[in-house]
Amino acid sequence: MEIGVASRSLDEMKWVVAYSSSSGPTSYVVYDKLKQTVSPLFVSNPKLLPYKFAPMEVVSIPARDGLDLVGYLTRALGKGGPPTPLILLVHGGPWARDYWGFNPQAQWFANRGYATLQVNFRGSTGYGKTFLHKGDKQWGVGDMQHDLTDSVEWAIREGIADKDNICIKGGSYGGYACLAGLTFTPDLYKCGVDIVGPSNIKTLLDSIPDYWAPLRNGMLLKIGDVDGDEEFNKKISPLYHVDKIKAPLLIGQGANDPRVKQSEADQVAFSMTEKGIPVEYVLYPDEGHGFARPENRIDFNGRVEHFLAKHLGGRAEEFAEVEGATARFPLLEKEGNQAEEA
C-alpha cells in the first residue's frame, strides 16, 4: 500500500489522500485535520472491487557484475509451489522505468497462469545519473540486455520461472529488447512478442525527421555511433542476426508509426519468413507508435493471448473477431499475391 496526497484545501485543513495498491483500484479519502477524521470519498474503478488480483512484489536482482537491479514480480494468480511460465515484460524508452502498483498487463497474465517480471535495467530513469549512463552504448549485446538475461536466470534459480516456458514481450525499446533476446540469447526464450520494436538501429535513426535532430544526436550519444560504424550497427541490430532465432515471434505494428517505421517490422518479419522461422505479423493501418483505438487493442490482446497459450500453455478466451478492428497480415497478403501471380 502506498499513501499519497492528491490535493489540499488552501487552508490545508482538508486533504484528499490516495491509498494505492498493486492488487486493486486506488481508494480516495478526505482527511479533516481539525476533526482528525478520515471519510471515504471514492474508488478509482469500483467495478474491479469484486475481483481477486495478484499482489506485485518488489525484488532485488543481482546482475552478473554485482549491480543490484530493482524489479517487480507479479506471480500467477493462485499458483503456489512449482515454477510457472514467465513473461519478461520490458519497458520502452529505454530512458523510462517501471513502477510498483496496479498493472493491468501483469494482472491479465497472472489470471492466465503466468508470472510477470518487470525490471529496471541499467539505463532506466529514476535511479540517478550514474545508473542512467551505465546504459550508454549497451544496447543488444551489452549490459542493458545482460540485465534482462540475468533477471530471467534469477527467476529460474529462485524457483519462480519454468525455464522451458519463458516469453519476452515489450513495446518500442521493449520490442527491440524482445528481438535482441531472441537473436542474442536464443536458447533462453520459448517465444517473443514485439510491439513497434526497431530491428535495425541505423534505419531507425535515419527515419527521424529533421525537426527531431537534437533528439537524434542525443540518441547517438547514448546508443553509439551507428552512423559512422557500420559494424557496430550490425552488431547490435537484430535484423542482421535473424538466422539465430529459434523461438516463434508475434509482431504488432502501426502503419503510421512516426518513431518506429513499418519498415522496421517488415524487415524482420519477411527475413524470418524467408529463413523458415515461425513468425506472425499483424499490421494496423490506422495506428501509430502503439495501439490507441480500443478495437485494435482488444484485437491484438486476443491474438497475444492465443499466441501465449499456444507456446506457454496458459489459459485463453476463445478468440472472436473484433468489430471495427483493422488488423492486416502482410505475410499472408504476400503469399496470396504470389499465388495469384503463379
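**A walk through the predicted model**

Helix H1 (residues 104-112) packs with helix H9 (residues 294-312) at an angle of about 40°, and their axes are 12 Å apart. Helices (H or I, at least four residues) and strands (E, at least two) are DSSP runs numbered from the N terminus. The axes are lines fitted to C-alpha atoms, for helices over the stretch in contact, with angles from 0 to 180 degrees between N-to-C directions. H1 and H9 are therefore oblique to each other; angles under 35 degrees count as roughly parallel, over 145 as roughly antiparallel, 65 to 115 as roughly perpendicular and the rest as oblique. On the H1 side the contact is made by Trp-108, Phe-109 and Arg-112, and on the H9 side by Asn-301, Val-304, Glu-305 and Leu-308. Contact means heavy atoms within 4.5 Å.

This is a predicted model, in which local features need pLDDT of at least 70 and side-chain atom pairs count only at pLDDT 80 or more, while totals for chains, interfaces and linings use all residues. Residues are numbered from 1 along each chain as its sequence is written, and side-chain values use heavy atoms, with hydrogens and water left out.

The next stop is helix H6 (residues 213-223), where Arg-216, Met-219, Leu-220 and Ile-223 are buried. Buried means under 20% relative accessible area, exposed over 50%, and partly exposed in between (1.4 Å probe, protein chains only). Seen down the axis of H6, the buried residues fall within an arc of 105°, so they line one face of the helix; the arc is that of the directions from the helix axis to the C-beta atoms. An α-helix has 3.6 residues a turn, so residues three or four places apart point the same way. The buried residues of H6 pack against helix H5 (201-206) and helix H7 (230-236). Pro-214 and Leu-221 are exposed, on the face of H6 turned away from its buried side. After H6 comes Gly-224, with a positive phi near 125°.

Leu-69 belongs to strand E6 (residues 68-74) and counts as buried, at 0% relative accessibility. Val-119 is 50 residues from Leu-69 in sequence, yet the two are 7.1 Å apart in space, C-alpha to C-alpha. Not counting residues up to four places away in sequence, Leu-69 touches residues including Val-119, Phe-121, Phe-131 and Asp-147.

Gln-253 is part of strand E11 (residues 249-254). Gln-253 has 0% relative accessibility and so counts as buried. Leaving aside neighbours within four places in sequence, the contacts of Gln-253 include Val-196, Lys-261, Tyr-281 and Phe-291.
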